[in-house]
Amino acid sequence: MKKTALIILLFSFVLLLSQCENDPDGASENSALVQAGLIEAELGPIPTFNCEDGILIPIYVNGTEVFQDQAKYACDNPDLKGECLIGSRIGRIEGTNSDGTPRPEVVWVFFCRRGDNFAQMIGHNTTTGQTAFLELVDGYLPTNAYAQPNVNVPVPSDANYADAWKAPADIAIQGCNSCHSSDPFIHSRWVAGAKMANGTNEPILPEVATSQSKYCVIGSEFSNWELVHIDLTGNNCLSCHRLSNINAWNYENNTDWDLYMPPGNPGSMSTDYQSIKDYLQNLGAFEIDPNGTDVPNCD
Ligand code: HEC
Ligand code: HEC
């Protein structure tokens, strides 16, 4: 390479670097560790987990659990892409105070999706609504082809925390809110099939929130995340809980919520559900409802 070309290359690299530091929104961009401090102030210590300790998300065919991969759509409860693969795991960890005493209003859910080489975690304070979105750096875990990687993920006091967990700006840019829009947790039929190991038939996922529950995301990098729910006047489906696009009607797997809702009398609100589907028809599969109503904020 010519010397001038090299200098130009170096120069553009430096320019690029300086641009990265100058965030256009003027919002500060924190490191993973600083973000962890903000999260721990709201939710208490970020827990470690090991994907192997998660509960296997079951796949059913005609009501019977199967233990081999099925073709796309060929199961009762496909995942968000319509896949029927075995091996994804999910776990719930109760929050604690820094002295280790339990903090039942705080819940952490970790998620190890088949095929990923990372894991995700959402922490949520059910009283204040404060919520944390966390994701491991791509490749931190070996690809979860089926068997889960036996790795205990680092916590903020571990020296390798920032090598393992993404900085908040890197998570914010992924727009988790385009699907996790009306509530922190999405209760697809697939994921809700995973039950606590205590034999109570209670799902790993915390119970669905009410229509009044607060929801906001910790960290200034997330301040432009829209958190909205579908708001159709007088629609009975929206009286107990909020809904947003993907969790009301996932185009990919076309879950027919009419078969399950409302819990006491499934099918009794078909007309309300049909009007939600008609309303969503014109939105893209994972689009945020442009006419949605903001969720109740945290303060
Ligand atoms: C394209 C839509 C979409 C996006 C974007 C998305 N998720 Fe999810 N997420 C889902 C769905 C749907 C589920 C429920 C499981 C399923 O059916 O696949 C889920 C489940 C989860 C879970 C398990 C707990 C729960 O709510 O069910 C965690 C943790 C999670 N997502 C974290 C994240 C994080 C962190 C991001 C951003 C980096 C993100 N998700 C982005 C659709 C999405
Ligand atoms: C009487 C209260 C009530 C009504 C009315 C109701 N639901 Fe639900 N819904 C629940 C409860 C409780 C859950 C959580 C338990 C479960 O998943 O089975 C839930 C869960 C859901 C979920 C998963 C939510 C998520 O975001 O994670 C969807 C989707 C849903 N309902 C859709 C509907 C639709 C569509 C209707 C109208 C046909 C409806 N619901 C009417 C009580 C209700």
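**View 1. The largest nonpolar core of this predicted model, with 41 residues.** This is a predicted model, in which local features need pLDDT of at least 70 and side-chain atom pairs count only at pLDDT 80 or more, while totals for chains, interfaces and linings use all residues. A nonpolar core here is a set of buried Ala, Val, Leu, Ile, Met, Phe, Trp, Tyr and Cys residues joined through C-beta atoms within 7 Å. Buried residues have 20 or more other C-beta atoms within 10 Å of their own, exposed ones 12 or fewer, and partly exposed ones fall in between; C-beta atoms are placed from the backbone. Look for Ile-90, Val-109, Phe-110, Ala-119, Met-121 and Ala-132, which have the most contacts inside the core. At least two core residues come from each of H2, S5, S6, S7, helix H4 (168-172), H5 and S8. Strand S5 gives the largest share, seven residues. Helices (H or I, at least four residues) and strands (E, at least two) are DSSP runs, numbered from the N terminus. Residues are numbered from 1 along each chain as its sequence is written, and chains are lettered from A and ligands numbered from 1 in the order in which they are written.

**View 2. Leu-43 in helix H2 (residues 32-43).** Leu-43 counts as buried because it has 24 C-beta neighbours inside 10 Å. Apart from residues up to four places away in sequence, the contacts of Leu-43 are Gly-95, Val-106, Gly-123, Asn-125, Gln-130 and Ala-132.

**View 3. An open sheet of six strands with mixed pairing.** Follow the strands in the order S1-S4-S5-S6-S7-S8. Strand S1 (55-56) and strand S8 (216-217) are the edges, each pairing on one side only. Two strands pair if DSSP finds at least two bridges between them. Strand S7 (residues 130-135) and S8 pair in the parallel sense over two bridges, and Gln-130 stands opposite Cys-216 in S8.

**View 4. The shell of 25 residues around ligand 1.** Leu-80, Cys-176, Cys-179, Phe-185 and Ser-188 come nearest to ligand 1. Two or more shell residues come from each of strand S5 (102-112), strand S6 (120-125), S7 and helix H5 (189-192). Strand S6 gives the largest share, three residues. By class there are 17 nonpolar, six polar and two charged residues. Ala, Val, Leu, Ile, Met, Phe, Trp, Tyr, Cys and Pro count as nonpolar, Asp, Glu, Lys and Arg as charged, and the others, Gly among them, as polar.

**View 5. The shell of 22 residues around ligand 2.** Here His-187, Cys-237, Cys-240, Met-261 and Pro-262 come nearest. Helix H6 (245-248) and helix H7 (270-280) each supply at least two shell residues. The classes are 14 nonpolar, five polar and three charged.

Key. A residue is near a molecule or strand if its C-beta atom, placed from the backbone, lies within 6 Å of it. Two residues are in contact if their C-beta atoms, placed from the backbone, lie within 7 Å.
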